[in-house]
Amino acid sequence: MAWLRACGPDDLQEGEALRIETLPPIALFRVGGEFFATDDTCTHALSSLSEDGYLSGEEVECGFHFAKFCVRDGRALSLPASKPLTTFAVKIGDDGVHIDVGERPYRQMR
Ligand code: FES
């Protein structure tokens, strides 16, 4: 377990996503006042879900071939993706949003 501070408490607005530069990268989403972290790379190919995807409620649609995933639990909701995204625990502290990145190497954030 390795908690990484991903952003400040107000850095990510409702309905937005942020790419976290772990290796491989993680996407942080803010939906309904909650934060969810998943793999950033679509399981179909190499699209960045935070940068090229479209977030609608708890679903993110890949910008390349339009597979959809649930950001809460990582499920693949539509083809051409069939494999789920890995999800990561998130906690909110006074200083911001933290993600348990596990063993993933990362560059230090803001
Ligand atoms: S890269 Fe995401 S659906 Fe193809």
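Author: Let's start with a pair: Asp 39 is buried, and so is Arg 104. Here buried means under 20% relative accessible area, exposed means over 50%, and partly exposed is in between, with a 1.4 Å probe and protein chains only. Asp 39 and Arg 104 form a salt bridge, with the closest N and O atoms 2.7 Å apart. The two sit in distant parts of the chain, 65 residues apart: Asp 39 is in strand β4 (residues 34-39), and Arg 104 is in the segment after β10 (96-100).

A quick word on the terms and the model. A salt bridge is a side-chain nitrogen of Lys or Arg within 4 Å of a carboxyl oxygen of Asp or Glu. Strands (E, at least two residues) and helices (H or I, at least four) are DSSP runs, numbered from the N terminus. This is a predicted model, where local features need pLDDT of at least 70 and side-chain atom pairs count only at pLDDT 80 or more, while totals for chains, interfaces and linings use all residues. Residues are numbered from 1 along each chain as its sequence is written, and side-chain values use heavy atoms, with hydrogens and water left out.

The structure holds 6 salt bridges in total. One of them joins Arg 72 and Glu 58, at 2.8 Å from N to O. Arg 72 lies in the loop between β7 (68-70) and β8 (87-88), and Glu 58 in the loop between β5 (54-56) and β6 (59-61), so this pair ties together parts that are 14 residues apart in sequence. Arg 72 is partly exposed at 40% relative accessible area, and Glu 58 is partly exposed too, at 30%.

Then there's a network of salt bridges that links Arg 19, Glu 21 and Asp 40. Within it, the side chains of Arg 19 and Glu 21 meet at 3.0 Å, N to O. Arg 19 counts as partly exposed because its relative accessibility is 27%, and Glu 21 counts as partly exposed at 27%.

Now for the strands. Arg 19 stands opposite Ala 27 in β3. Strand β3 (residues 26-31) runs antiparallel to β2, and 4 bridges join them; two strands pair if DSSP finds at least two bridges between them. Both belong to an open sheet of 4 strands in the order β2-β3-β4-β8, with antiparallel pairing. β2 (17-20) and β8 stand at the edges with a single partner strand each, so one side of each is left without a neighbour in the sheet.
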